[in-house]
Amino acid sequence: MAESNCSRVSEFSLTGFTENPLTQVILSLIFLVTILGNLGMIALINASPQLHSPMYYFLGNLAFVDLCSSTVITPRMLVDFISEKKGITYAGCMAQVFIFDLFGMTECFLLAMMAYDRYMAICHPLVYPLVMSPKCCFQLVMGSYLVGLTNGMGQTISMSKLSFCGSSVINLFFCDISPLISLSTSDNTLSHIILRTSASLFGVSSSLVVLLSYVAIISTILSIKSAEGKRKAFSTCASHLTTLSMFYGASFFMYLKPSSDSLRKGDKWATVFYAVVTPMLNPLIYSLRNNEVKEALRRLTKIKRMAAGNHSSVTEFVLLGFTDLQELLFMIFLLSYITTLVGNLGMIILIRTNSQLHVPMYFFLSHLSFLDICCSSSTMPKLLSGLLAERNVISFSGCITQFFFFAVFGTTEAILLAIMAYDRYVAIHEPLHYLAAMSHRVCVQLVVGSYTAGTLNAFVHTSTLLQLSFCGPNVINHFYCEIPPLLLLSCSSTWLNEVVMATCVGFIITISVLAIVVSYACILLTIWSIPSTESRYKAFSTCTSHLMVVALFYGSAALLYCQPFFRHSQDQGKRASIFYTMVTPMLNPVIYSLRNKEVRSTLRRAADRLLSHVYSLRSHSNHTKIGITCHRRHHCCPSAGEGNSLDKLMKLLYKVLVA
C-alpha cells in the first residue's frame, strides 16, 4: 500500500568517487591508456599473422570486452568530475547495469575458456590444433557472450521489478546491483537471491574450469624433465594467471562479501580497480610478459629502410572498377545516383521550408541527407565516367583527395547516426524536457562535433597514407580510392597504416555502436514501462526509420571494414562498397519518407500547395484567353465544355501525387 502512494524515482544521484583533482587526472589518463591499449592489442593481433592462433583469438575478444566494459562506466565518471549535478536517469541506470553485467560475466567466462585453451596446448599439444579449431573457438566465444547476455538480462529484469520511492542517492560512481538493492523500498529478497545465485553459479563454474585446467597444467609441467622445458611451458600461462588473479580477486570482493557490509571508501577503491584499472592492465600484462606479443610488436615497429631513389614514384592510378556489362551498369548506377541526389535534396528542401519539421530530429535528418549527397558524390561521378572510358585513370593527388572526402563524410555519418539515437532517447524518455535538452545550440554543437571528428579521422588516415611509397603496380582493383587496395600496392611498410586503420575504425565504431545500443536499451526500457499498447507502438514507431538506416549503414560498413583474421576477396569488397556508397544513400530518404508519418503528411501538403498553385495559374490563363476570344467574337462567356480535358488531367495528377 505504501508503494502505491509513493512517487517512483525517475533519477538517481551518484556520489562519485573523489574530489581530488590529481586523482581525477590520473583516472582520465587510465581511461585513455585503456582505450589505446585494448584497441592497440586488437590491431596488433589483426595485423600479425603469427598471432592468428586460438590463444590470441580469445585475447582479442578479451580486449574488446575490456574496452566495452570500461567505456560503459568510465566516461560517465569523468563527466561527473566536471559536472555539478551527478545524476543518471532511471532508464540510463538500468541500461548501465545491463551492459556492465553483460560484459563482466562474458569476461569471466572468456578467462575460463583461455584457461582451457592453455590446458589443451600444454597437456595435449598433438591434438591442440584439431580440438581448438576455428569453429570450436568461435562457439566458445559465442557461448561466453550468451552467458553474459543471460546474466545481464536476468539482473536487469530483477532490478526493474524493484520499487524506489525513498532515497535516490547511490554511494558509488556508477549504477551497480548492490547499491540499488539497498535503495529499494520493496521486498528485495528475490533480487538478493538472483544476485547471489548468479555470482555463485557462474563464478563457481568458471572458477572450477580454471582450477581444473591449471591443476592439469601444473601436473603436466612437473612431469617435464627439462628445467628449460618447464620454464617455457609455464611462461605461456604467466600473463593469463596474472589477469585471472586481478579479475577474480576484485570481482569476488565486490559480489561475494556479506550483504550487511556498508559501502566504505575501500570498497569504492576495489570497484575502481575492478571496473577501471583491470581493463587497462590486461593489454599491458600481455604485451610485457608475453614473448610472442613482444616479438610481433618488435617486428611491426621495426623501421623498414628503403632506397626510395632507386624506385620510380607512381603519379597516377588505374581504377579497374567493373569490367563486365558496363553499359547496363552505367544506366543502373546513373539512375541510382540521380535518385540519391533528388531524394536527399528533396528531403533537405522539405525540412527547410516547412516550419513543422523544424525540430531536432529533422535538423539531424537534413544533415544526414547532406552527408549522403556528399558521400555518394565523392565516388559516383568517377565511377560513371570510368564505365564509359576505355581506361579509368585518376591522378595521385586526385586519389588522395577522393579518399579524404569520402573518409570525412563516412565517419561523420557514423557519428551522426549515434547522435540521432541519443535524440530519440531524449524524446521518448524525457518528452517534457526534450526541447530544452536538445536546444538549437546543443544540436549545432553536436553536428559540428561530428564534422570535426570526421575531419580529424580523415586527416590522420590521409597523413599516414602520404607516408607510403608507390613504385610498383598502379592498378587499383576497385572503383574508387580506398585504404585496403592502396595498401596492397605500396612498396613500403604498411604496418602503421594497418594499426591506425584498425585503431581509428575500431574506436569510432565501438563508441558509436555503444551509444546506439545504450540509447535503444534505455528506449526499450522506457517503452516497456508504458501501460498502453497503443502508446508503446506510437513511441517505437518514431524509431523504426532510424533503426533501418542504422542497420543498413553499420551492416555494410562492418562487412567492409571489420572482418577479423582474414582478407575478404576484392570482388566481395567492391560489392559491399557499392551497397555502402550507393544503395544506402539512395534508400535513406526513401525510408524516412515512406515510414515517417510527419514527412509523408508534410509531403502531401507541399504537393497540395504546388498543384493548387499550378492549377490556379492554368485556370487564370485559360479564362484570360477565353475572355479575349469572347471579346473579339462579341461573346459574353465561353462554352461550358472548354478546358474540361485539362481539368480532368490536373485532378488525376493531383490524386496520384497526394495519395
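How do H13 and H15 lie to each other, roughly parallel or roughly antiparallel? H13 and H15 are roughly antiparallel to each other, a label for angles over 145 degrees. This is a predicted model, in which local features need pLDDT of at least 70 and side-chain atom pairs count only at pLDDT 80 or more, while totals for chains, interfaces and linings use all residues. Residues are numbered from 1 along each chain as its sequence is written, and side-chain values use heavy atoms, without hydrogens and water.

**H13 with H15**
- The axes of H13 and helix H15 (residues 396-429) come within 10 Å and cross at roughly 160°; axes are lines fitted to C-alpha atoms, for helices over the stretch in contact, and angles run from 0 to 180 degrees between N-to-C directions.
- Helices are DSSP runs (H or I, at least four residues), numbered from the N terminus.
- H13 passes H15 in a left-handed crossing, meaning that the near helix is turned anticlockwise from the far one by less than a right angle, with clockwise giving a right-handed one.
- The contact (heavy atoms within 4.5 Å) includes Phe364 and Leu368 of H13 and Phe409 and Leu416 of H15.

**H13 with H17**
- Helix H13 (residues 360-377) packs against helix H17 (residues 440-466) at about 25°, with axes 10 Å apart.
- H13 and H17 are therefore roughly parallel, the term for angles under 35 degrees.
- Their crossing is right-handed.
- Among the residues that meet are Phe363 and Phe370 in H13 and Val444 and Tyr451 in H17.

**H2**
- Leu36 is in helix H2 (residues 21-47).
- The axes of H2 and helix H19 (residues 495-528) come within 9 Å and cross at roughly 130°.
- Ile35, Leu39, Ala43 and Ala47 make the contact from H2, and the H19 side includes Val499 and Phe507.
- H2 passes H19 in a right-handed crossing.

Terms used
Helices (H or I, at least four residues) and strands (E, at least two) are DSSP runs, numbered from the N terminus. Angles under 35 degrees count as roughly parallel, over 145 as roughly antiparallel, 65 to 115 as roughly perpendicular and the rest as oblique.
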